[in-house]
Amino acid sequence: MTWKLLLRRSYGLRLLPLMILLWCYGISAFPYFSVTSGIGQSAIVLHAFMMVAGPVALSACLELRRFTDGQVLAKPTGRSRLWIILPWWSLAVLPSALAVGVSVLIPASGDQVIRMAVIGIIWMLAWGVFGAVIGMSWPLALSAPTALILPFILVVYGPAVPVLELRYLFGDYTDCCNVGEMLNPRVLTAGIAMAVGILIVSVVAGIVRSFLSRSIVTLTLIIGLVASALLSFNIVKGVGPFPAVPRTGPQICLSDKAPTVCAWESHDLELFAPMIRDADTAWRSAGIQVPKEYRQGTGTSTRDTVWWSTSETTLPHLRSDTVLSVASGLAVAPCQDGNDDVDVWVLDIQERVVAWLTKHSGIAMTGLDFSPETHKWLTSMDRLSIEDQVTIVEDYRLRLRKC
């Protein structure tokens with residue numbers, strides 16, 4: 001079999017259109033409307049890309065199968081078998097590894113996002129080696145379905161088993177995160193351990209393939225994969241169904257003038273600080289008592305500190321969502337904490353305060369999700385002087401704080 005024929009029959013090239021479609025699916029997987037943090041979006045992208053491992057393993061399997069069937073590796077060429085195989089294996093595996101690494105980094109930045117990108121890259125490499133090993137060792141009728149289906153089963157059906165922590169082994173962190181949360185470091189460690197375990201086991205099985213029987217290769221893969229799963233599961237045992245923990249570390253604050261605005265990421269601070277300060281200026285000018293600082297996160301707001309929970313991923317109504325979030329912090333009701341049964345009057349007054357603050361920050365009320373009763377109340381408030389309106393709103397805020 002000539003090299004020209006090998007190139008023409010390269011499965012890495014022939015499957016490239018399918019891989020591009022799968023990459024596009026992975027890149028577009030994160031829903032802007034429901035995930036409010038970059039870490040959460042990167043987690044969804046990673047989980048979508050983990051399913052690409054099946055076609056990657058199949059491509060590597062078919063590449064190595066044709067080398068084996070064509071007796072290419074058995075013919076003396078003066079080069080090692082690894083250097084003969086490597087370019088074709090790379091063509092089948094590395095584009096997807098690069099695609100997942102870059103795509104996970106698109107929505108956000110930070111150490112945890114980098115670790116998720118590393119998990120995706122190692123995952124692709126691991127299944128690429130696994131597919132190559134079984135392609136050389138097993139009959140095509142067995143190796144091809146196994147290479148395609150096994151990674152898919154782990155990623156899709158792993159999270160469906162009663163032991164919920166198993167999903168963390170396969171890159172499923174999709175219940176994380178809001179802007180005040182980050183991933184539990186243990187789930188990332190387990191994901192890396194599982195991916196590295198599959199990679200090491202597959203490499204060892206490939207080495208064993210050179211001088212031992214197919215049955216020994218199969219036994220090595222089975223024992224190694226089970227051991228990797230057990231060791232990785234031990235890392236996350238007891239974490240529970242949610243991979244998120246409260247975010248730690250200092251925030252970046254803009255305190256050159258009042259009020260102080262703080263955020264987790266510098267780009268969030270640059271984006272949101274002007275919006276929040278514009279709203280604060282409007283409320284302050286009207287006579288509303290405003291806090292000393294605004295912080296990004298999900299903490300309990302007080303008179304001195306208001307927490308806002310939007311991030312740059314909150315699209316498409318970025319400014320209105322930001323003002324609504326800040327206004328909700330100004331209408332805080334302590335009786336809501338840990339209480340599912342809140343009096344109706346608290347919710348009604350809260351909505352009125354948020355609606356008034358939103359309107360008087362300069363946000364158009366068209367399309368905002370307030371009740372018809374609240375819109376009627378706003379219309380009735382317009383008949384009063386701004387001083388009387390502020391008196392009513394401040395009285396409402398005082399009642400909410402004492403609820």
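The side chain of Gln389 reaches the side chain of His360 in a polar contact of 3.3 Å, and that is a handy place to start. What you have here is a predicted model, where local features need pLDDT of at least 70 and side-chain atom pairs count only at pLDDT 80 or more, while totals for chains, interfaces and linings use all residues. Residues are numbered from 1 along each chain as its sequence is written, and side-chain values use heavy atoms, leaving out hydrogens and water.

**Around Gln389**

- A polar contact here is a pair of N or O atoms within 3.5 Å; within protein, one must be able to donate a hydrogen and the other to accept it, and residues adjacent in sequence count only if both atoms are side-chain atoms.
- You'll find Gln389 in helix 15 (residues 386-401); helices (H or I, at least four residues) and strands (E, at least two) are DSSP runs, numbered from the N terminus.
- Gln389 has 4% relative accessibility, so it counts as buried. Buried means under 20% relative accessible area, exposed means over 50%, and partly exposed is in between (1.4 Å probe, protein chains only).
- Setting aside neighbours within four places in sequence, Gln389 is in contact (heavy atoms within 4.5 Å) with Trp356, His360, Met381, Asp382 and Leu384.

**Helix 4**

- Helix 4 covers residues 38-50, which makes 13 residues, and it runs 18 Å from its first C-alpha to its last, close to the 18 Å expected at 1.5 Å a residue. That expected span is 1.5 Å times one less than the number of residues.
- Since 13 of the 13 residues of helix 4 are buried, the rest of the structure largely encloses it.

**The nonpolar cores**

- A nonpolar core is a set of buried Ala, Val, Leu, Ile, Met, Phe, Trp, Tyr and Cys residues joined through side-chain atoms within 4.5 Å.
- The largest one has 62 residues, and Met116, Trp123, Tyr173, Leu183 and Leu221 touch the most other members.
- Elements that each supply at least two residues of this core include helix 4, helix 7 (111-137), strand 1 (181-183) and helix 10 (214-236). Helix 7 gives the largest share, 15 residues.
- Not counting residues up to four places away in sequence, Leu183 touches several residues, among them Ile39, Met116, Tyr173, Cys176 and Cys177.
- There's also a second, separate core of 40 residues, which includes Leu269, Met275, Ala279 and Leu378.

**Cysteines and disulfides**

- The structure holds 3 disulfides, a disulfide being a pair of cysteine sulfur atoms within 2.5 Å. Counting bonded cysteines along the chain, the pattern is 1-2, 3-4, 5-6.
- Cys176 and Cys177 pair up with their sulfur atoms 1.0 Å apart, and both cysteines are buried.
- Cys253 and Cys262 have their sulfur atoms 2.0 Å apart, and the torsion about their S-S bond is about 105°, so this disulfide is right-handed. Cys253 is partly exposed at 35% relative accessibility, while Cys262 is buried at 0%.
- Cys335 and Cys403 have their sulfur atoms 2.1 Å apart, and with a torsion of about -105° their disulfide is left-handed.
- Cys335 sits in the loop between helix 12 (318-330) and helix 13 (344-359) and Cys403 in the segment after helix 15, so the pair ties together parts that are 68 residues apart in sequence.
- Cys335 is partly exposed, at 22% relative accessible area, and Cys403 is partly exposed too, at 31%.
- Cys61 counts as buried, with 0% relative accessibility.
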